[in-house]
Amino acid sequence: MNEYDIIIENGTIVTASDVFKGSIAIKDGKIVQIGEQLSGAERVIDAVGKYVLPGGIDSHVHIAQPSGEGIVMADDFASGTLSAVFGGNTTIMPFCLQQKGVPLRSSLNDYHALAKDECYTDISFHLIISDPTDAVVRQELPALVADGYTSLKVFMTYEDLRLSDGEILKTFDVARSTGATVMVHCENEDAIRFLIDKHERHGDVTPRAHASTRPVAVEREATHRALSLAEIADVPIVIVHVSNGEAIKEIMRARARGIKVVGETCPQYLVLTARDLDGMDWEGAKFVCSPPPRDEAAQTECWHGIETGVFELFSSDHCPFRYEDEHGKLNPKGKRNFRHIPNGIPGVETRLPILFSQGVMAGRIDLSRFVAITATNHAKTYGLYPRKGTMAIGSDADIAIWDPALKRTIRHADLHDGADYSPYEGMEITGWPITTIVAGTVMVEDGVLVGKKGHGKYRPAAARPTFNIRLGDI
Ligand code: URP
Ligand code: ZN
Ligand code: ZN
């Protein structure tokens with residue numbers, strides 16, 4: 001009888017703090033030994049010439065979320081987590097959207113029913129609060145935080161989701177007292193509405209107008225306001241999908257005032273620009289997401305934010321819609337006016353390769369920083385650490401083995417999500433995750449699916465300690 005189930009040997013092991021040659025032993029889904037040379041396993045995986053990293057945690061993913069009349073998101077939990085696991089992820093964090101008037105608990109039950117026995121990666125949920133009634137924030141939310149739903153997102157945009165400043169403060173206040181972590185989508189809805197009306201009056205309704213009606217000032221103002229509200233409520237927050245240097249400056253200014261704020265950016269703000277929305281024949285719809293991609297200067301500023309630690313989280317904001325589809329980007333109204341194009345782009349499978357290639361291989365960040373912003377910090381920010389996000393004795397054996405020399409061109413035909421395009425089509429990548437292990441089970445081996453649907457499980461998250469708020473200290 002062997003002592004271990006799996007040993008991964010001869011690889012370069014990378015955590016958020018260390019890089020060393022060694023072996024990892026796995027038993028019953030957990031990492032049980034790390035050493036120079038180990039023996040006594042059912043199965044040995046030779047990782048010579050490869051990097052052995054904690055599996056990616058993508059803490060910003062939308063799956064099976066209702067997105068407006070007649071619009072259907074392209075991924076269910078099976079296709080979304082399949083795509084994730086091929087992209088070197090072992091945990092994703094989708095959102096549970098509270099529809100107005102619906103209790104949070106029943107919304108959660110719906111998402112759990114959709115996810116049950118369908119997942120290839122582990123999952124944990126964030127809540128989207130669209131209706132912060134007293135009953136929701138004062139009764140439901142504390143009970144849910146105690147049950148492991150410890151993060152929530154609030155929106156300052158989208159007519160049906162936006163909260164008023166008062167509602168945001170009320171939600172922040174409960175986050176403070178329960179130790180929940182709040183993610184904020186910062187764009188000023190009234191300013192967007194004003195600009196959309198103006199563009200429509202001038203007949204400017206192509207996908208490019210999506211970017212013009214959500215300029216940097218719209219994001220900068222809302223970022224400043226969210227941070228001021230957080231200061232007033234005395235609560236740490238996460239500013240998600242930051243797209244430009246002006247918003248980065250607001251985060252830095254807030255930090256200088258002592259506000260605890262975690263910054264998140266995404267691949268689209270590093271490698272796409274608003275010009276992508278110009279595509280011929282309405283192809284620009286493929287790139288409609290919010291905030292929109294900006295310009296090369298903003299890309300440079302976002303890279304700088306990654307290099308210097310403004311961003312502790314690098315997520316995909318995977319929010320997939322099919323393009324050639326009457327329920328997707330080219331729905332009957334969306335074909336005629338940008339404001340009916342569903343917001344969001346796919347990217348859960350390409351997040352890690354893009355950052356690895358353009359970040360690590362291009363010499364912008366080192367391997368440990370890559371691990372920190374793609375896995376470890378996500379687990380720390382959202383209450384999954386140390387079970388997830390690192391490779392330590394006792395942690396779940398969530399591991400991605402990378403071939404740093406593998407060159408691939410991104411082609412949607414090779415990806416596994418439910419969309420029919422990739423916004424990154426044709427991008428040349430060096431380095432790709434070839435084997436992904438979720439809680440001790442090999443799911444993808446040398447680029448081939450070997451694991452079964454349903455292996456991935458829901459994992460509850462812990463709340464922040466409320467007595468000593470230090471979210472920004474990770
Ligand atoms: O355009 C985007 N980002 N859609 C997804 C929803 C969100 O705001 O994160
Ligand atoms: Zn958002
Ligand atoms: Zn999102």
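A donor here is an N, O or S atom within 2.8 Å of the metal, and because water is not among the atoms, a site may look incomplete. Keep that cut-off in mind for what follows. The model is predicted.

Start at the zinc ion (ligand 2). Three residues coordinate this ion: Lys153 through NZ, His185 through ND1 and His241 through NE2, at 2.1 Å. Along the sequence, these donor residues follow the spacing K-x31-H-x55-H. Why does the pair His185 and His241 tie together parts that are apart in sequence? His185 belongs to strand S11 (residues 181-185), whereas His241 sits in the loop between strand S12 (237-239) and helix H8 (245-256), so the pair links parts that are 56 residues apart in sequence.

Look again at His241. Its place is in the loop between S12 and H8. The backbone there has a feature to check: phi of His241 is near 30°, a positive value in a residue other than glycine. This residue is also a donor to the zinc ion (ligand 2), through NE2.

Now turn to ligand 1. The space it takes is the largest pocket. Which residues come nearest to ligand 1? Of the 13 around it, they are His62, Lys153, His185, Ser290 and Asp317. The shell around ligand 1 divides into four nonpolar, seven polar and two charged residues.

A polar side-chain atom of His62 lies 3.2 Å from an oxygen atom of ligand 1. For Tyr158, a polar side-chain atom lies 3.5 Å from an oxygen atom of the ligand. Gly344 uses its backbone instead: a polar atom there is 3.3 Å from an oxygen atom of ligand 1. How much of ligand 1 does the protein bury? Taken alone, ligand 1 exposes 260 Å², and the protein buries 96% of that.

Return to Ser290, one of the residues that come nearest to ligand 1. The peptide bond from Ser290 to Pro291 is cis, with omega near -10°. Pro291 lies in the loop between helix H9 (268-271) and helix H10 (296-308).

A cis peptide bond also joins Tyr385 and Pro386, where omega is about 5°. Pro386 is found in the loop between helix H12 (367-381) and strand S15 (399-409).

Methods: Residues numbered from 1 in each chain as written. Chains lettered and ligands numbered in written order. Predicted model: local features only at pLDDT ≥ 70, side-chain atom pairs only at ≥ 80, totals over all residues. Heavy atoms only, no water. Near = heavy atom within 4 Å. Polar contact = N/O pair within 3.5 Å; in protein donor to acceptor, adjacent residues only side chain to side chain. Areas by Shrake-Rupley, 256 points an atom, 1.4 Å probe, with all protein chains shown as cover. 1 Å grid on protein atoms, 1.4 Å probe; cavity = no way out; pocket = protein on both sides within 12 Å on 5 of 7 lines; lining within 4 Å. Sits in = over half its atoms within 2 Å of the grid points. Nonpolar A, V, L, I, M, F, W, Y, C, P; charged D, E, K, R; others polar. Donors = N, O, S within 2.8 Å, 3.2 Å for Na, K, Ca; no water. Helix = DSSP H or I, 4+ residues; strand = E, 2+ residues; numbered from the N terminus.
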